[in-house]
Structures are given as C-alpha cells and as structure tokens.
Amino acid sequence: TRIGIAGAEQAMQGPAERAPLMGGAPSVGAGTRAAYSGGDRARGLRALKDNLCIMPTSVAGLALGVCGLGITWQTAASYLLAGPWMKGCADVISLVSFNIGVTLVMLYVVKLLIAPAACLRDARSLDGSTDLPCLSMALMMVAWWLHVHGMGSVAWAVWQAAVALHSVLLLAFLAHVYPFSWANVTPGWLTPSLGLAMAAGTGSALGAGEWVEKLFWVSLLAFLIVYPLVLYRVHAHPTFLIDKHQLQYGLVAAPAGVLLIAWIAMGGHQGHALTHFLFLLLMTSVVLVAIRLPHMASLNFTPAAASAAFPADVAAKAAVLYTHLYQASNTVMVACSWFFVLVASAVVLLVASRFLVLLL
C-alpha cells in the first residue's frame, strides 16, 4: 500500500525537473518550495555540500583564464592602436572578467571551507596537483588588478597569500615527480612552475623587491626541463594519453607566454636575446597547438579542457607586449596582435560556457 501511495504521489508531481548543479538530489517544484520544511532545507544543504565536494579542480584553470582575459584586453587597448570606444569596451570586459573570475575562485574557496577533506584529496591527486596552482596564480592576477586600481595594501596581502599557497601546491606537485614515471607526465606538468614566473612578474609590479627575480630564473630552468618531457610524452611516447589529458595540450603554449610577460614586467626586455627567444618559442608553441586543434575538437569535452582558457590569454598578452616594444608601427603585427586577443576571447567564452553547461 505504501508503495502504491508513493507511486501515486510521484505521478501527480508531473515531469521531473532539471537536476541541479553537477547532479545531486533532484530539484523540487515551486509548490513544494513554498512549503519547504526544515528537514528539506537540511537535505538541500547536504546536497549542495555533496555537489561542491565533486567540484572539479579544473575550475581553477578557468578562473585564471577569465581573470587573464580582462587584463589582456586592457593591455591591448593601452598599447595597441585603439579608439576611445575600444578602451571603454576593454574596461567593461576587464570589470566583468574580474568579477566572474573572482566568483570562480570563491567557489573553490567555499569547497575548501565546507569540504576540506575533499580539497586535500584534490591536492594529493595528479590532476589536482597540476590544476590547483592555477588558483594561486589567479590570486596573483587579482592582486595585480587591485594594485593598479589603487588598493595597494590589500593587493600586497593577497599577493603574499597567493605566493604562500603556490609554494604549498608546488610541493604537492613535486610528490608526483619523484619517483619519476612516464605514466604521470601530462601537459599539466607545465603549470606548477609557471606560478614562480607569475610571482616574479606580479611581484615586480607590486614592488616586492629584486629577490622575486630569482623565482623567474627557477621557473625558466624548470620550463627548459619539463617542456621537452611533455612534448615527448604527447608526440613520441609509445603509450597514449587519455582523452582528458590530451585536451590539456593547449598548455603547451602557456610557458613561453608567461615567461615573456614576466621578463618584460621585470624590465629585462631591453634588447635582450631572451626576449626574442621566448617570443619565437611562443609562436612555435602556438603553431603546435593549432595543428593539434582538429584532434582535440574530435574528443568529448570534459572539465579538464578548461585549461585551454589560460594559454590563450597569455599568448595574446605576450604578443601584444612584444608588438608594442618592437613592432608598434607595423600594421601587420598590430593586426595579428588584435587577432590573438579576439581568438583568446572566443576560446575563453567557448570553454567557460561549455564548462558551465556540462556541470549544470
């Protein structure tokens, strides 16, 4: 009899409504919400906690990409040929990107507060140890943005916290490096050491002192070691990467871009051969990613693909800065730099929309 009553009640409820964020318990109808009891509210909170517990670590890469998009637009509008309307558009994009990026960062911070055990598992996992450094790098970008907008003391506090967090996450990643195994090598290996270069660049802008330059050289050395390993793992190693790691191939374009931006921020660009070397390496990496795009597009989209947002940003910003320094009067280079900015915007928008749709 109870089974029959339950079936009748389910039949009276009509078609099932859409599932909430990242699955979990089914959502309730408007009439049921009107009579929401304390027990239902407690179950709803538990469902929200369960959903946050399975929040993928790749949201950190998406947050970094969204924050970087606004900075890239402001850089392009400031250093390339652009009318007043373009600068106003860049300011709007920067503001929107900053708010969305900070929201994504806070989403994972909430997960840390209500599900610390799940966050600890994330940091200890191979994918988490390569994704989560993007979180601290996003905080470094936020600190730079706050500094530019006159909130120096807050920016300095955020930057210090970001560097401390990145140091911890870097140690968590190194736990997967030793003992070495080709099975653990993924394109995500390129990410953790890049935080040191970003700390050097943003720290120089915030006036942290000359000591941050040492972080740049450590990051450059790590890049020269890890970059060939990743290329060999993807292109020549007899065992193939799983699909979600193949979708991270866009990260190949990130290291040279981050290093070039940090090098310029440190003031080391003036006629230095390293500037041209990093730019040529960046363009080579972009070509490698472009060649592999058809294969990546044939794979099923997973949250791991959110890592593609970040490299698109830094490649565009690095191209803008290089053009401003050496080819400011070259119409072709200026047009190509704006093309990079538009492509980066399209990539971030596409990845963000598909990421959110996949989780809803």
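Okay, let's start with a cysteine: Cys336 is partly exposed, at 36% relative accessibility. Here buried is under 20% relative accessible area, exposed is over 50%, and partly exposed lies in between, using a 1.4 Å probe and protein chains only. Cys89 is partly exposed too, with a relative accessible area of 30%. As for disulfides, the count is zero, taking a disulfide as a pair of cysteine sulfur atoms within 2.5 Å.

Quick housekeeping. This is a predicted model, with local features needing pLDDT of at least 70 and side-chain atom pairs counting only at pLDDT 80 or more, while totals for chains, interfaces and linings use all residues. Residues are numbered from 1 along each chain as its sequence is written, and side-chain values use heavy atoms, leaving out hydrogens and water.

Now the overall picture. The protein has 16 helices and zero strands; those are DSSP runs numbered from the N terminus, H or I of at least four residues for helices, E of at least two for strands. Of the 360 residues, 48% are buried.

On to one helix pair. Helix 9, residues 152–174, packs with helix 10, residues 194–206, at about 165 degrees, axes 11 Å apart. So helix 9 is roughly antiparallel to helix 10, that term being for angles over 145 degrees, on a scale from 0 to 180 between N-to-C directions, with axes fitted to C-alpha atoms over the stretch in contact.

Who makes the contact, meaning heavy atoms within 4.5 Å? On helix 9, the residues include Trp156, Trp159 and His166, and on helix 10, Leu196, Thr202 and Leu206 are among them.

Methods
Parallel < 35°, antiparallel > 145°, perpendicular 65-115°, else oblique. Contact = heavy atoms within 4.5 Å.
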